[in-house]
Amino acid sequence: MFEIAFKNRLLDYLASSKLLCKCQYGYVTNSNTQAAAADVIATIQSGLDNNKITAAVFIDLSKALDTVDHDILLNKCDRLGIRGTPLQWLRSYLSNREQYVATAAMSSDCARIVCGVPQLSVLGPLLFFYL
């Protein structure tokens, strides 16, 4: 619940500070993946109508969430005006996380996570894509 509340407050802050671009469909109010697809189609159609060479590149960034450096992310938050208690909470949220792999027969030792945003979380994608 707290993670959802933090995400909502963070989105409100980013929107009110005009730090979100209208093309960031995932978190912009009244926007969704259908709007993103419609914009891509409209851009391609416009290019074709104007006899321009038109192409699109789609990149799967799912593994990139594992590469986010915590210090860089926290410094960027500070530069965007996210300070004090919210920044301390975010630092705590990213710190002291561990992971391991388990199968039916065995499991690995725990390893400390030193970079990346929590996947399958409410806040992870927001931290990656918008900060």
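Modeller: A residue counts as exposed when its relative accessible area is over 50%, as buried when it is under 20%, and as partly exposed in between. Please keep in mind that this is a predicted model.

Biologist: Is phenylalanine 2 then buried or exposed?

Modeller: Phenylalanine 2 has a relative accessible area of 52%, so it is exposed. Phenylalanine 6, in contrast, is at 10% relative accessibility and therefore counts as buried. Tryptophan 89 has a value of 22%, which means that it is partly exposed. For the protein chain as a whole, 26% of the 131 residues count as buried.

Biologist: How should I read the overall fold, and what pattern does the protein chain follow along the sequence?

Modeller: The protein chain has 5 helices and 2 strands, and their order is α-α-α-α-β-β-α. The radius of gyration is 19 Å, well over the 14 Å that the globule rule gives for 131 residues, so the protein chain is more spread out than a compact globule. Along the principal axes, the C-alpha atoms fill a box of roughly 60 × 45 × 25 Å.

Biologist: How many aromatic pairs does a search of the whole structure find?

Modeller: The search finds 3 aromatic pairs.

Biologist: Which aromatic pair does phenylalanine 6 form with tryptophan 89, in terms of distance and angle?

Modeller: That pair is also tilted, with 4.4 Å from centre to centre and 35 degrees between the planes. It links distant parts of the chain, since phenylalanine 6 is in helix 1 and tryptophan 89 in helix 4, 83 residues apart. Phe2, Phe6, Trp89 and Tyr93 form one aromatic cluster. A charged side chain may also lie over a ring: arginine 97 is placed over the face of tyrosine 93, 4.7 Å from the ring centre.

Biologist: How many salt bridges does the structure hold?

Modeller: The structure holds 1 salt bridge. Its partners are aspartate 78 and arginine 83, whose closest N and O atoms are 3.2 Å apart; the cut-off for such a contact is 4 Å. With a relative accessible area of 31%, aspartate 78 is partly exposed, and arginine 83, at 47%, counts as partly exposed too.

Biologist: Which residues form a nonpolar patch on the surface?

Modeller: The patch consists of Val57, Ile59, Leu61 and Phe129, which together have about 420 Å² of accessible area. Leucine 61 is located in the loop between helix 2 (33–49) and helix 3 (70–79). Its relative accessibility is 35%, so leucine 61 counts as partly exposed.

Biologist: Where is valine 122 placed?

Modeller: Valine 122 is in the loop between strand 2 (111–112) and helix 5 (124–130). At 32% relative accessibility, valine 122 counts as partly exposed. Valine 122 and alanine 5 are 117 residues apart along the chain, while their C-alpha atoms are separated by 9.9 Å.

Technical notes. Residues numbered from 1 in each chain as written. Predicted model: local features only at pLDDT ≥ 70, side-chain atom pairs only at ≥ 80, totals over all residues. Heavy atoms only, no water. Patch = residues over 30% accessible without salt bridge, like charges linked within 9 Å, V, L, I, M, F, W, Y side chains within 5 Å. Areas by Shrake-Rupley, 256 points an atom, 1.4 Å probe, with all protein chains shown as cover. Salt bridge = Lys/Arg side-chain N within 4 Å of Asp/Glu carboxyl O. Helix = DSSP H or I, 4+ residues; strand = E, 2+ residues; numbered from the N terminus. Buried < 20%, exposed > 50% of the residue type's maximum accessible area, 1.4 Å probe, protein only. Phe/Tyr/Trp six-rings, centres within 6.5 Å; stacked < 30°, edge-to-face > 60°. Lys NZ or Arg CZ within 6 Å of the ring centre and 35° of its normal. Rg over C-alpha atoms; globule rule 2.2 N^0.38 Å.
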